[in-house]
Each structure stands twice: as structure tokens, then as C-alpha cells.
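Here is a short briefing on a structure. Keep the sequence and the 3D view open while you read, and find each element as it comes up.

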Amino acid sequence: MLRWLKPVIFLACLGPLARLAWKGFHGMLGANPIEVITHSTGDWTLIFLMVTLSVTPLRKLTRQYWLIGLRRRFGLYAFFYGTLHLTTYVWLDKFFDLHEMLADIAKRRFITAGMTAFTLMIPLALTSTKGWIRRIGGKRWQALHRLIYLSAAAGVIHYIWLVKADLRKPLQYAAVWGVLMLYRIVMWLRSRTQARAAVPSQTIPEKSRPADYASQRR
Amino acid sequence: MLIKRAGDIPSSEITPKNLCLNRRKFLTGAAIAGAAAATGIGLREVISPTTIVQAGNKIDGIKKSSFSTTETITPYKDVTNYNNYYEFSTDKYEPAGLAKNFRTRPWKVKIDGLVDKKQELDIDTILKMATPEERIYRHRCVEGWSIVVPWVGFSLSELIKRVNPQGKAKFVEFTTLNDPRQMPGLRAPVLNWPYVEGLRMDEAMHPLALLCFGMYGEDLLNQDGAPLRIVIPWKYGFKSAKAIVRIRFVEKQPINSWNEATPNEYGFYSNVNPTVDHPRWSQAKERRLGEFLKRPTLMFNGYGDQVASLYNGMDLKKNF
């Protein structure tokens, strides 16, 4: 399944960029093409972050465990569109004016939030390879990659702080993020109760349990 | 929340199995809905922007105006397909389609407040008050983009003179139509509808302040504020109220909609001013639609020679 699905999905992920390029080439990006490019790449960054965050709940709930094989690439696409989004800002909006950008980052909280979201993605993109998982160690790698929760949150806040009055779209993203986080919280609470329930009878074999175990627990 | 002591209850007893499964189903649904919602938000992006070409009726007997700029006029299709018109939609590409069947006749404008004769003026009476002029103005949006538009109309003062405001009237308040059946954007409480804007009396009487009913030599298009709007070229675009149904003369400074929504971001005056930033973005530069590089924004949008004296002695940082 994964073998043929992977290339199809990954090509589809380039669709938003292809569409922008095609429309741009044919002069179909409307009155303010740079604004369209900025908004579109920003939207797709958030979408890929949310899709990446959906992989784990989806695969657990549907028991389609092979889905994990897609997660890394979805995450990298979030980084890819995020890089394009940042590039439109650095190049098309600020024309590489470093002074102006630094002032922006310090003064404008929506830029601060956006930069935070992007910066948090950098270590995740860099350590996305199998080699890095080995080097860091699975547990620590997983902990590091939980930064995506914060990155996505910062991305949504960036959007909320940007709009003038109509919060409906950014709040939709916030709702999606909230649901995906809620799932994790529920799972974490459940695993905790289950682990505690399981401790006496299963996890620790009878003979290896210290004699004074019961007194330690209370 | 009831927290059961772990250790003496097997986990299967904490939640009955069928509930467990239901919860699993619910969570599956939620996750799928979440992913779908995220993708759905994106799909809407795929649809926009579209370009709709429309044409109005030619307006006869338009005279030229010395107030016009000689700068390149922004293409008609851009000005008529890129509209900040929240009564229709907060997406700038949507009003062109959503306003297509907007009814601009019959149309009355209520004149009230501190005037000698309160009255309802028919739009066609207003249009005959003075000779239409073409005024090619720069138009700068608070968001950082700008256009050059050949508006058609006459000075707002022509109307104000004819309705005799009283001496106590210090401000003029403009109200936009509030008809959710025709204007779908009004169904969401994005701003406190109806849209209200205001000018100080001397600003409203300034010859540059335009009562506008046409563009590019034709009738104003619905998405650009038909049948009647004002155009105040030295102020950010949102001051130029569209589809006006009421003009009220008042003693106290009106509360304009954007100021009411976000007082620290949008003031009453809202003069174009490159030295006073919007709290969330710089106002030093602007992108003229159709241009790649940004250009510097001019004080009072380049109309300083004519209007700066209106604000003598005022702190424009405070009165932004």
C-alpha cells in the first residue's frame, strides 16, 4: 500500500505550489499577487502542521499503523511551505532589509509569533532523518519533536494576531489544533491510569517486586 | 472529576467496554473531522481569486478636475475585483461576485441631526446637485496597498451646503446600508453593524472630499460602493464609507466602526501618515497594485499641501 501511495501523496503535496506557479505564470493571481502568495503559503504551512499532527491519532484510532510512514514527509512539507512563506516576507515584503525585519520581529507580535513558529520547526526538520533518531535516541527524539505542538500553536497565534477583525478562519485552525491536542491529553491521562492500574499485577513480575513495595506506594 | 484509586480496579472496569469503543469512534471522527477541516480551509484558498468583468453605464458631461493626479491609473479589473467591503465578505476577492445583484434603485439618503430641514433625498436628486467631475485620486488602504482611481462625483460640500447644517454641527456621520439579505457579510458580527464613519465638519467641507457615484467614466460598481460613497483621499481607505443611506450632522465626534472595534489600532482621524505605524505593521511603505517594489508612503497620501493646515497644532501621533 505505502509503496505506491507515498509518491502519489507526496506529489499531491506539491499541488498548492504548482497551482500558485501556474496561476502566477498566467497572471491569474488577482490584483495583489504577492499577498495571495503570502496568504496561500501561510495557509498551507498551517494545514501541513495540522495534517502532521493528525497522523498519530488517525493511525491509532483506525489501527492503520502504516500511516506513520507518511508523518515525516508531511512535517517536512510544513517546513517547506513555511520556508516559502518566510521567503515571501523576507524577499517580497521586506526586500532583505535586515534592519526593518529585526524591528518588525521585536515590535510586531504577530511577526514574533510567526518567527517563533518557524524557528521551532528548524530543529525538527534537521533531525528528521533516521540517523538523527539513532544519534539522539528514540525517547529523547520523540520529546524533541513534541516542539511541533508549540510550533503549530505559535503559527495559529501568528494568524490570529494578524487579522483585522474577522477571526473565523484563524479560529478554525485553533479548533483543529485544540482537538488534536485534546486527543493527546486524553491519551496521556488514560495511559497514566492504565499504567498505575497495571503496576501491581502485570508490569512488575511478582518475584522482582521489592518486599516493601506496597509501603513505598502509599 | 472523580479520581478512582488505582491499583484495586482493573482498567476494564473503569470504563465499560462499549463506551470505550464509542469513545474510540468519537475520537476517530474528531481526528478525521479535524484533518478534513484543515484541508477544507485550504480548499477555499484554491477557489479564489476569480476575476469578474463588469461594466456600468457611461456618465455624461463629466468635467476634468485640477485635483487629479497624473500617475498611472490602476487597471479597472483590479479596482473592481479587489475590494475591502466587509458588508459582503472579509475576502477581498468576493464582493465582486456577491454584490452583483445588489439593488441601488430606489435609494434614499436620510439627512438628519443638526440641520434646518431633515429630509430624505432621492439618489437621483443628489446626482443632479452639481456637475460630475473626474477626480483621479491615490487611494491608500490601511493594510499597506494602494491604487489610483478615476472617481466621478463632486465635492461633498456641494451637498452639505444645500442641506443647511446648523452652527452647532461640528461633525458629519455617514451610515452604510444594513441589509443582511443583500449583504451576506452583515450576518456575521465582524464589526458592530451598521458601518459608521465620520468626518470633522471642516474635513467634510474640504474641496478634496468627494461625494462619489462613478468610476472610470461610468456608474460606480456595486462592489466599489454604489450607488453613493465618499472618497477622502488623504485618509486610509476605510474612512471612505460606501453605500451611504444616512448623513447625520452632530455636535460630538462620531464613533466610527473600526475605532469602536479596535480603538488602539484605528483612530477617528486615520490620516495617511508614514511616521505613525499601525500597532501591528509599519505604514512607511505601500505596495501600489501592479508594482513589484514597494514605494514610500507620503504624508497625507501626498495631499499635504491641500490638507495639512486642517491639522495645525494637533499631535498627529495622538490623534492617529
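Strand E6 (residues 171-176) of chain B is joined to E7(B) by 5 bridges, and the two run antiparallel. In E7(B), Leu199(B) is the bridge partner of Val172(B). Two strands count as paired if DSSP finds at least two bridges between them. Helices (H or I, at least four residues) and strands (E, at least two) are DSSP runs, numbered from the N terminus.

This is a predicted model: local features need pLDDT of at least 70, side-chain atom pairs count only at pLDDT 80 or more, and totals for chains, interfaces and linings use all residues. Residues are numbered from 1 along each chain as its sequence is written, while chains are lettered from A and ligands numbered from 1 in the order in which they are written.

**The five-stranded sheet of chain B**

- E6(B) and E7(B) belong to an open sheet of 5 strands, with the order E3-E2-E11-E6-E7 and mixed pairing.
- Why is one side of E3 and of E7 left without a neighbour in the sheet? Strand E3 (119-122) and strand E7 (196-200) stand at the edges, each with a single partner strand, so one side of each has no neighbour there.
- Neighbouring strands of this sheet are turned by 20° against each other on average, direction ignored. Axes are lines fitted to C-alpha atoms, for helices over the stretch in contact, and angles run from 0 to 180 degrees between N-to-C directions.
- Strands of a sheet pair through backbone hydrogen bonds, either parallel or antiparallel.
- Strand E2 (residues 108-113) of chain B runs antiparallel to E3(B), with 4 bridges joining them. These two strands, E2(B) and E3(B), form a hairpin with 5 residues between them.
- E2(B) is also joined to strand E11 (residues 244-250) of chain B by 4 bridges, and here the strands run parallel.
- Look at Lys110(B). It stands opposite Glu120(B) in E3(B), and opposite Arg246(B) in E11(B).

- Is strand E8 (residues 210-215) of chain B mostly covered or mostly uncovered? It is mostly covered: 6 of its 6 residues are buried. A residue is buried if 20 or more other C-beta atoms lie within 10 Å of its own, exposed if 12 or fewer, and partly exposed in between; C-beta atoms are placed from the backbone.
- Strand E5 (residues 145-155) of chain B pairs with E8(B) in the antiparallel sense over 5 bridges. Met215(B) in E8(B) is the bridge partner of Trp151(B).
- Strand E10 (residues 229-231) of chain B pairs with E8(B) over 3 bridges, in the antiparallel sense. Cys212(B) stands opposite Arg229(B) in E10(B).
- Strand E9 (residues 218-219) of chain B pairs with E8(B) over 2 bridges, also antiparallel. Gly214(B) stands opposite Asp219(B) in E9(B).
- E8(B) and E9(B) form a hairpin with 2 residues between them. In the turn, Tyr216(B) has a positive phi of about 50°.

**Chain B as a whole**

- Chain B has 9 helices and 13 strands.
- Of its 320 residues, 41% count as buried.
- Take the contacts in chain B between residues at least 6 apart in sequence: 71% of them join residues at least 24 apart. Two residues are in contact if their C-beta atoms, placed from the backbone, lie within 7 Å.

**Helix pairs of chain A**

- Two packed helices are described by the angle between their axes and the distance between the axes.
- Helix H1 (residues 2-13) and helix H4 (residues 68-93) of chain A have axes that come within 11 Å and cross at roughly 15°. That makes H1(A) roughly parallel to H4(A). Angles under 35 degrees count as roughly parallel, over 145 as roughly antiparallel, 65 to 115 as roughly perpendicular and the rest as oblique.
- The contact includes Leu2(A) and Phe10(A) of H1(A), and Arg73(A) and Tyr77(A) of H4(A).
- Helix H2 (residues 15-25) and helix H3 (residues 33-62) of chain A pack at an angle of about 175°, with their axes 11 Å apart. That makes H2(A) roughly antiparallel to H3(A).
- Pro16(A), Leu20(A) and Gly24(A) in H2(A) meet Pro33(A), Ile37(A), Ser40(A) and Trp44(A) in H3(A).

**Ala197 of chain A**

- Ala197(A) lies in helix H10 (residues 168-203) of chain A.
- Ala197(A) counts as buried because it has 22 C-beta neighbours inside 10 Å.
- Ala197(A) and Pro33(A) are 164 residues apart in sequence and 58 Å apart in space, C-alpha to C-alpha.
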